[in-house]
Amino acid sequence: MTLSLDSQALILLCSHLGLSAAPDYAPLTLKDWNPLAKKLFSISKRPSALLDQNKEELMDILDITEEEAERYENLLQRSGTVAIELERLKSLGIEVLTRADEDYPVRYKERLRESAPTILFYAGEKALLGQPGVAVVGSRHLDEAGQACAEFVGNACGLSGLVLYSGGAKGVDSISMQAALTSRGTAVGILADSLEKSIRNPDNREAISRGDLCLVTPYSPSAPFSVGTAMGRNKLIYTLADYAIVVASDAEKGGTWAGATEALKSKWLPVFVLDHPEMPKGNKMLIEKGGLKFPHPFPEHHLKLMTWLEEHSSATIADPCQLSLF
Amino acid sequence: MNKDHTLKLLRKMIGEDKDFRPGQWEAVETVAIKKQRALVVQRTGWGKSLVYFLATKLLREKGSGPTLLISPLLSLMRNQIEMAGRIGIRAFTINSANKTEWAGIEEALAKNECDIMLISPERLNNEHFLKEILPKISGRIGLFVVDEAHCISDWGHDFRPDYRRIIRILQMLPKGVPVLGTTATANDRVVKDVQTQLGPGLSVHRGPLTRESLRLQNIRLSNQCERLAWLAENLPKFKGSGIIYCLTVADTERVTGWLKKKGFSVEAYHAGNDGNMDRSALEQAFLSNETKILVATVALGMGFDKPDIDFVIHFQRPGSVVAYYQQVGRAGRAVEKSYGILLSGIEDDQIQNYFIESAFPSLQVFQDILRVLEQSEGLSLYEILAKVNTSRSMAEKALKLLEVDGAVGQTYDKKVLYFRTPNAWRPDIERINRVQDLRRSELMQMQDYVDHKGCLMQFLLSALDDPNPAPCGRCANCVGRGLPAQVDQKMVDEAECFLKSDQIIIQPRIRWPFGLFPDLKRNIPLEYQNDNGRSLCYYGDAGWGNLVRSGKYQDNHFCDELVNASVHLIRDIWQPDPFPTWVTAIPSTRHPNLVPDFARRLAASLQIPFYPVIHRIQEAPEQKMMQNSSMQSRNVINTIRIDQKISNGPVFLVDDIIDSGWTLTMAGYLLKKQGSGQVYPFTLAQATNRNANG
């Protein structure tokens, strides 16, 4: 594996690899890492400068307390166990991207700035991350119109060369993703569930080996699904895409609602909401909060999807901010 | 100062009068003080384990994390671990056999009370180890030790796919983590290759290989009877204990049987398929000289350290100079005079070629396994075997290679499941060919050794790229005399008689293969199982084996000599009780009369009737083409039938060659279902290749 030294340092400091569930020294959260990254930047050093440094040297370089230095030292020293774990992941088809990598999705840095995850684990074609495309979100349980819409958007993306972004879960995610893949398109799944397990699914595996699918997660590849992880990764779906379509949402509760309101507030991208007579109450409320109406059935030819979305995007979008930090 | 301190530690471990052997301190210094990478190539018994124990001690004193030692031969390290305890080194090993101790080991790790952790290469890919145990090493590994480091190179004399994984891990390690590779034998090419794989910073510490006490001699006695006779005549000349190496499990059993009969204190040692052998008890009895001679396959392997072995005799010729040198090198570590005698015979090349041919699964097997895995989310080994026509050991080999190639992964859900990864896979035919060509050239070199007229030790040392190979002045070629190469004809006749009467038991199968009858229990009900049966010989063996072969493939007729020998075995040696009242046979559609004709003559000689009640319904592929239990029994069940009333007395069930045993199991099942009495299988020969390599 060709991991840059900067990435090695980030993995040692920020990932859970090679650590037990309740480690003596916890890896750095975003809140811990960001100030450290700024410090490094201000003294013109790269993360790799921290590799192989002992406590005293770390205190010296970073001007930090002994306590902090001890934590960094311990995390940095586990290169042996991390090498073993990275080798195993690689042999399963799982690789790593860090904020210090050139291939790290630019959109995360632009839109999420300091909230961009330090580490991403992925399987499949990483070039898909951030390509023009549409995010489809919605609950696992769908009515008929929702199902039809998920399938329609998936197909339309597949046939018009757009990436279909989803959470890779059951329901709306997998319906739209499979629709995109069967119409010979491409898809990205941003998982809240175990990446290791997801790539064992024969459909996913085949699409990954064809280069049509990339599954990615900011969590440990073996971490099982939890509500917390699902909430945390919602913004990672929105922030990779050009447009988002909310197919079905509960009102004022649930992951879809939380993610959609966050996206509306942050103005990362135009957010559309499926609009039809029997739509769930959540959809209605999201439209009231500024969500754009996405009609069902779609009034035009499916290859017009992108132009239609473009023409109907009136919301002002926040200016991207270029952040050069790792 | 460091050196003095280390010397003190060394003396604490092995004795106050001891000193560093040349090279030992330098190796310790490289990894523990300079924190660099080192490869130590030193003969067995030189003290490689001292190097990593001392290095571990020094590193731990300076606050480094524990050492991770990766070795395929963990079971043989008990003594070394004890020795390390003398300088306060606490060693732990994690393996599938000590699961009950894992919790305690995890605790020791968490408290930083483990100094060295010993694991097998397979463990590096074990989910539990990676997720539960490794993280407890307070996150850091102070030193990586890779034992049998020649396996890092494809040019090494044994091929272990797992070492690919080790290479990749070591290549990902930052420079500051020291690495120590150790091996007893690596020629120039292997050393160079290991250097390329592990980086130019690797320093090589290499010592001389010669053993001062060893007297080598080669004796050519082509047939087995002569070699058995030679053993009986010459073993009494050795005072102490020794090892006799054979190539196959069957040979170890036979040689042991013969020597026991001749009154020697001898036991067989192998990793054969019965799994009942208590190998550590055998080792203990041998170490304490309770057993004087072990007749062993390569299962008695590297790391077995008995200092007072007087002789190592090879009943058959090993496949390479390295293998031979390592095996013969077990003699004479702490005795003044020891002997290494290589006997060789006509069957050697045939067996070696079989080993080479069967070392790798065929491309078809790889592809079939991937195909069935691609249609699933994960399958157990048994589920794979039910769908792929290959033997269990071949499937395991293929899975191992596919795993190391990243094409297949393993997970655990009540049982081990294999699954296809998204990584692309292309067969590395070139690599397989390269390894097989290497094995063939090693075999040729070994053939040259047998015929070598000059100094034998010098031949071995030059073949191993020893820095200073010189004539030894001790081997039979140097001194011009040795043990006799002739044997007494009377003893040869006796050995031949033994070979002919050697009883080969057919164990009845007690379980149906997996997946065959999903609705039935896997155990075959006791009332439908066969009794113990007998085979006259091993197929192709010197005794009757050659007659069976020519009968089957040349004459389409088994000669009367075989009938008489069978009658002799049944009446005089076996004497089954209750004695069968009739004989039946398994016909083949390709040779419909061959076996029934033999069975009819056998029945006549035993003066009981022959009833041909078993019929073939369709042409089946030859059973030996069916490579695993599921396939074999499915093959049989579709093709044999009994559709008449049969005698209710006990019966001899006759076939020519027993391969898997499924034909006999199934036929016996059908006979008993139709109301026969006990079923005693009898075959002329037993195929040997399935348990050849143990």
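**Helix packing and chain contact in a predicted two-chain model**

In chain B, helix α2 (residues 24-33) packs against helix α3 (residues 48-61) at an angle of about 40°, and their axes lie 9 Å apart. That angle makes α2(B) oblique to α3(B). The model is predicted.

**The α2–α3 pair of chain B**

- Two packed helices are described by the angle between their axes and the distance between the axes.
- The crossing of α2(B) and α3(B) is right-handed.
- From α2(B), the contact draws on Gln24(B), Ala27(B), Val28(B), Val31(B) and Ala32(B). From α3(B), Leu50(B), Val51(B), Leu54(B), Ala55(B), Leu58(B) and Leu59(B) take part.
- By class, the residues of this contact comprise ten nonpolar, one polar and no charged.

**The α3–α4 pair of chain A**

- Helix α3 (residues 55-62) and helix α4 (residues 66-76) of chain A pack at an angle of about 120°, with 8 Å between their axes. That angle makes α3(A) oblique to α4(A).
- The crossing of α3(A) and α4(A) is right-handed.
- Lys55(A), Leu58(A) and Met59(A) of α3(A) meet Glu66(A), Ala69(A), Glu70(A), Tyr72(A) and Glu73(A) of α4(A).
- The contact of α3(A) with α4(A) has four nonpolar, no polar and four charged residues.

**Buried and exposed faces of α4 in chain A**

- Ala69(A), Arg71(A), Tyr72(A), Leu75(A) and Leu76(A) are the buried residues of α4(A). Viewed down the axis of α4(A), these buried residues fall within an arc of 160°, so they line one face of the helix.
- The exposed residues Glu66(A) and Glu67(A) are carried on the face of α4(A) turned away from its buried side.
- The packing partners of the buried residues of α4(A) are α1 and α3 of chain A.

**The enclosed helix α1 of chain A**

- Helix α1 (residues 5-14) of chain A is largely enclosed by the rest of the structure, because nine of its ten residues are buried.
- The buried residues in α1(A) are Asp6(A), Ser7(A), Gln8(A), Ala9(A), Leu10(A), Ile11(A), Leu12(A), Leu13(A) and Cys14(A).
- These buried residues of α1(A) pack against α2 (30-42), α4, α5 (79-92), β1 (95-98) and β2 (119-124) of chain A.

**Helix α13 of chain A**

- Within helix α13 (residues 281-288) of chain A, Gly282(A), Asn283(A) and Leu286(A) are buried. They cover an arc of only 100° around the axis, which puts them on the same side of α13(A).
- Lys281(A) and Glu288(A) are exposed residues on the face of α13(A) turned away from its buried side.
- The buried residues of α13(A) pack against β7 (243-246), α12 (254-266) and β8 (271-275) of chain A.
- Gly290(A), which follows α13(A), has a positive phi, near 115°.

**The contact between chains A and B**

- Chain B contributes 34 residues to the contact and chain A contributes 32 residues.
- On the side of chain B that touches chain A, α7 (162-172) and β15 (415-420) of chain B each supply at least two residues. α7(B) gives the most to that side, with four residues.
- The side of chain B that touches chain A has 16 nonpolar, eleven polar and seven charged residues.

Key. Residues numbered from 1 in each chain as written. Chains lettered and ligands numbered in written order. Predicted model: local features only at pLDDT ≥ 70, side-chain atom pairs only at ≥ 80, totals over all residues. Contact = placed C-beta atoms within 7 Å. Nonpolar A, V, L, I, M, F, W, Y, C, P; charged D, E, K, R; others polar. Axes fitted to C-alpha atoms, helices over the stretch in contact; angles between N-to-C directions. Parallel < 35°, antiparallel > 145°, perpendicular 65-115°, else oblique. Left-handed = near helix turned anticlockwise from the far one by under 90°. Buried ≥ 20, exposed ≤ 12 C-beta atoms within 10 Å, placed from the backbone. Arc of directions from axis to C-beta.
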